[in-house]
Amino acid sequence: MRRPPAAPPPPWLKATYASTTKPSPPPEPRAYKPPSPSQTPKEPLETPDPPKQSLIRRLFSTRNVQPLPDAEPKDIARGVEASQRVVRDGFLDPRYRPAARRVTAIICALPLAIYLSYVLFERRFMGKEQKVRPVSLGGEGREGMS
């Protein structure tokens, strides 16, 4: 609701200052002077962090991983020896840890994904109803517990 224009504004809308002296005027703006080419940076000072990849993208990486130039050629006997060392000592070569993490995640997640997708398929297309938990009131069903 608007106030009539004849009424004075309320006291809390009036701007008041702690001192009675007038504030000094702002300084004059300086003229723009472009920086010299020697002062401009060639590259940005801070590089932004790359966007975090999703779990699926990290597990199933589709990028073409090139072997390091100083990588040794593939040797089947060396792989067998490394796997025996893991079984014998429980020590995994650091080079295989990312692959082991992916395989472990797949082994853990795949059964859940298969089961849950089947349950959701049944609900969506087969008409199966979601289970409803029975609601127990206050003290019912607790007689034998105490």
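**Exercise 1. Which residue does the side chain of Glu122 join in a polar contact, and what else surrounds Glu122?**

Before we start, a word on the model: it is predicted, so local features need pLDDT of at least 70 and side-chain atom pairs count only at pLDDT 80 or more, while totals for chains, interfaces and linings use all residues. Residues are numbered from 1 along each chain as its sequence is written, and side-chain values use heavy atoms, with hydrogens and water left out.

Step 1. The side chain of Glu122 is joined to that of Tyr118 by a polar contact of 2.8 Å. Here a polar contact is a pair of N or O atoms within 3.5 Å; within protein, one must be able to donate a hydrogen and the other to accept it, and residues adjacent in sequence count only if both atoms are side-chain atoms.

Step 2. Setting aside neighbours within four places in sequence, Glu122 is in contact (heavy atoms within 4.5 Å) with Gly127 and Lys128.

Step 3. With Lys128, Glu122 also forms a salt bridge, the closest N and O atoms being 3.5 Å apart. The term asks for a side-chain nitrogen of Lys or Arg within 4 Å of a carboxyl oxygen of Asp or Glu.

**Exercise 2. How many salt bridges does a search of the whole structure find?**

Step 1. The search finds three, and the Glu122 and Lys128 pair is one of them.

Step 2. Glu81 and Arg85 make another, at 2.9 Å, N to O. Both lie in helix α2, four residues apart, about one turn of the helix.

Step 3. Arg88 and Asp89 meet in a salt bridge of 3.5 Å, N to O. Arg88 is exposed, since its relative accessible area is 55%.

**Exercise 3. Where does Phe91 lie, and what is Phe91 in contact with?**

Step 1. Look in the loop between α2 (76-89) and α3 (97-125).

Step 2. Leaving aside neighbours within four places in sequence, the contacts of Phe91 are Arg85, Val86 and Arg97.

Step 3. Phe91 is partly exposed, with a relative accessible area of 40%.

Notes:
Helices (H or I, at least four residues) and strands (E, at least two) are DSSP runs, numbered from the N terminus. Buried means under 20% relative accessible area, exposed over 50%, partly exposed in between (1.4 Å probe, protein chains only).
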